[in-house]
Amino acid sequence: MCGFYLNSSLVLKTYGRDVEFRPNFQTQSSVTVKVSKMEEMPLCPEHPPNLTGPFIVEEKNVSIKDIMSVNSHLQEGGKGKPENCKARQKIAIIIPFRNREPHLSIWLYYMLPFLQKQQADFGIYVLEQIENTTFNRAKLMNVGYSEAIKDDDYNCFIFSDVDIIPMDDRNLYRCSNNPKHMANSLDKFNFKLPYETIFGGIVAFTKEQFIKINGFSNRFWGWGGEDDELYNRVIAAGMRIERLDPQIAKSKAILHKRDPGNEKTGRSFHLINQAAIFMHTDGLNSLKYDVIKSHRHKLYTKFTVNVGSSEKN
Ligand code: UD2
Ligand code: MN
């Protein structure tokens with residue numbers, strides 16, 4: 001009793017609020033071991049050592065159960081990190097989503113092993129928009145960013161369509177000194193840019209870069225325009241975009257019909273050229289939404305959200 005008393009009062013003085021954990025020596029020592037292991041871990045190399053280059057991406061039926069069985073070491077919520085080194089970036093992958101389960105399965109099937117091979121420290125976030133509202137891809141991206149930063153200390157955000165998968169593991173899923181356009185070499189466009197300023201599909205921003213442009217516009221309802229407006233924000237903020245060598249950036253875009261609820265309305269298209277003005281008031285700082293449901297799946301974290309409707313915005 002005396003020993004315990006002495007120990008706990010000592011701890012009280014030294015550790016303040018942690019006092020209730022201290023009498024348990026088991027806990028104390030395991031925490032110490034973990035901390036020192038992290039401190040000792042070297043930084044991961046800039047170029048992951050085990051990359052093998054091009055691979056074939058097939059559109060096949062894969063079950064979530066099968067994907068789970070080969071990714072058993074992931075943490076709940078679709079989080080992974082290298083075991084023996086400390087990653088240089090902490091990456092949130094943000095995927096806008098509604099009724100695309102087969103595409104999400106293919107994406108996870110290829111991307112979870114891909115990210116681990118690249119020694120990424122990552123979390124996967126699926127932002128699902130509720131039914132009966134016009135789809136708003138850009139707003140879902142802002143919601144994904146906002147929820148991800150509440151969840152973990154990410155410093156890199158990769159905003160990716162659910163239907164694009166890289167075909168070469170040298171295409172590093174990382175942020176750069178400037179915002180990066182990563183869907184610059186798609187099979188459906190013969191691995192060429194359809195136009196020079198295209199900025200759709202997959203883009204990567206550091207936290208600072210994304211804050212600098214106030215995120216995406218929230219005002220693009222239905223298909224199209226939001227990616228071009230984003231490009232204009234980047235330029236207006238004095239940044240430029242980067243792209244990888246198209247040979248390495250080769251990616252598969254799954255072909256599909258336009259989804260119901262994501263028709264082209266074109267009503268926001270006049271905003272594309274006004275990005276420099278509206279980016280200050282329309283974006284992360286004006287974002288409103290309700291989380292209807294959040295769910296930590298083994299392979300991803302999903303937020304089902306109400307982002308409102310075009311009529312009210
Ligand atoms: C192009 C762009 C895309 C976006 C879109 C216009 C490229 C390579 N892609 O893609 O980034 O700018 O045009 O908005 O430049 N989604 C759902 N459910 C839906 C609707 C959309 O999950 O009902 C998600 C899904 O992640 C999808 C993404 O939104 O990949 C973009 O929609 P899309 O695939 O219909 O657009 P697409 O292929 O024309
Ligand atoms: Mn698509």
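## Burial of C156 and C175

C156 and C175 are both buried. That holds for this predicted model. Buried here means under 20% relative accessible area.

## The C156–C175 disulfide

These two residues, C156 and C175, are bonded through a disulfide. Their sulfur atoms sit 2.1 Å apart, within the 2.5 Å cut-off for a disulfide. The link of C156 and C175 is right-handed, with 85° about the S-S bond. C156 belongs to strand β4 (residues 156–160), while C175 is in the loop between β5 (164–166) and β6 (180–181), so the bond ties together parts that are 19 residues apart in sequence.

## The C44–C85 disulfide

C44 is joined to C85 by a disulfide. The S to S distance is 2.0 Å. Why is the disulfide of C44 and C85 right-handed? Because the torsion about its S-S bond is about 90°.

Where do the partners lie? C44 is in the loop between α2 (25–40) and α3 (64–70), and C85 is in the loop between β1 (79–80) and β2 (90–97). The pair therefore ties together parts that are 41 residues apart in sequence. C44 and C85 are both buried.

## Overall pattern

How many disulfides does a search of the whole structure find? The search gives two. Counting bonded cysteines along the protein chain, the pattern is 1-2, 3-4.

Note on methods
Residues numbered from 1 in each chain as written. Chains lettered and ligands numbered in written order. Predicted model: local features only at pLDDT ≥ 70, side-chain atom pairs only at ≥ 80, totals over all residues. Heavy atoms only, no water. Helix = DSSP H or I, 4+ residues; strand = E, 2+ residues; numbered from the N terminus. Buried < 20%, exposed > 50% of the residue type's maximum accessible area, 1.4 Å probe, protein only.
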